[in-house]
Amino acid sequence: MISGSTRVAAVIGSPVQHSLSPALHNAGFRQLGLDWVYVALEVQPGDAHVALQAMRTFGLGGLSVTMPHKEAVALAVDELDPAATALQSVNTVVPAADGRLVGHSTDGAGFIASLAAHGVDVAGRSVCLLGAGGAARAISDALARAGAGRIAVVNRTFSTAQHTVALAGGVGVIGAAGDIRDADIVVNATSIGMGSDDIPCDAALLRAGQVVADIVYHPRDTALLRAARAAGATTVDGLAMLVHQAVLQQVLWHGARPDPAVMAAAAERELAARHQ
Ligand code: NAP
């Protein structure tokens, strides 16, 4: 029931109408019994600073930020958390009590939390990270913060791979195919497999004893994850990262932790409704 005191949170992006965030967050608010509602707002490229001003004017309780505004919001908020500072990218804005807007990046920490929820601790482990785009950079930064022992970055474009390696600090290296076979944990952070059966690496390199995580979440069970299971590896799907980064957003906005299983079920229902 929306009332005069309902807090409003939103995601800004363009295009934004296919965002899963409203399904995830509204399920979380309902499960926690909070009088909050979450909506998707189309904000044109170049208008992120106007949207932040509107956030202040309307007193929004929290804001998610998606493409193409993550970098512009990082420049426009009053303060950045350490991950957002390293990435110069913001996916979450939190209004502080004194009116300042604080930018956070929960993607990388959400990825680490998705592994932890599957009993996987990255500390001291060797990781092969496929991809070097925005999501891969967040994951590289978070893996290094979580104490990964080695992060080998494999990417089509060398210059972006170098940037992603730099975010891994002293444990980052440019990787090659052999790193996929040797790694304890293989992560697909490319967009390969999104809406297709394409696979981002030679499946023959995957092996038993590995953890293979795919951040692509449509389809949920990607060709990479199927190949990894066939090779005897343990798998973690991309919906887990999406859900856990959203859980972290809610903790930042109102302090309570929604149940990830409830949010995942809502996202699955939404995806099923769209693709039936
Ligand atoms: P992005 O910045 O556009 O980066 C795309 C990455 O994929 C780059 O490394 C790119 O390589 C690589 N790539 C794309 N097509 C390729 C191809 N045909 N061959 C080889 N490499 C290819 O995208 P992003 O924001 O990082 O997102 C990547 C994927 O993760 C998307 O599918 C997105 O939906 C998903 N994602 C999931 C979550 C989650 O919570 N589960 C969060 C964020 C993103 P180059 O550098 O060579 O172009």
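Which helices each supply at least two residues of the shell around the ligand? In this predicted model, they are helix H6 (134-145) and helix H10.

## The sheet

Six strands make up an open sheet of mixed pairing, arranged in the order S2-S1-S3-S5-S6-S4. Strand S2 (36-42) and strand S4 (79-80) stand at the edges with a single partner strand each, so one side of each has no neighbour in the sheet. Strand S1 (residues 7-13) pairs with S2 in the parallel sense over 7 bridges, and within this pair Val8 stands opposite Val37 of S2.

## Helices on the sheet

Helix H1 (residues 21-32) lies across S1, S2 and strand S3 (62-65), and runs at about 170° to S2. Helix H10 (residues 238-254) also packs on the sheet, where it touches S1, S2, S3, strand S5 (92-95) and strand S6 (101-104), with a direction that makes about 15° with that of S5.

## The ligand and its shell

Helix H10, which packs on the sheet, also supplies the largest share of the shell around the ligand, namely 3 residues. The shell comprises 20 residues, of which Ala132, Ala135, Asn155, Thr157 and Ile215 come nearest to the ligand; by class, the shell residues divide into 10 nonpolar, 9 polar and 1 charged.

Methods. Residues are numbered from 1 along each chain as its sequence is written. This is a predicted model: local features need pLDDT of at least 70, side-chain atom pairs count only at pLDDT 80 or more; totals for chains, interfaces and linings use all residues. Side-chain values use heavy atoms; hydrogens and water are left out. Two strands pair if DSSP finds at least two bridges between them. Helices (H or I, at least four residues) and strands (E, at least two) are DSSP runs, numbered from the N terminus. Contact means heavy atoms within 4.5 Å. Axes are lines fitted to C-alpha atoms, for helices over the stretch in contact, and angles run from 0 to 180 degrees between N-to-C directions. A residue is near a molecule or strand if one of its heavy atoms lies within 4 Å of it. Ala, Val, Leu, Ile, Met, Phe, Trp, Tyr, Cys and Pro count as nonpolar, Asp, Glu, Lys and Arg as charged, and the others, Gly among them, as polar.
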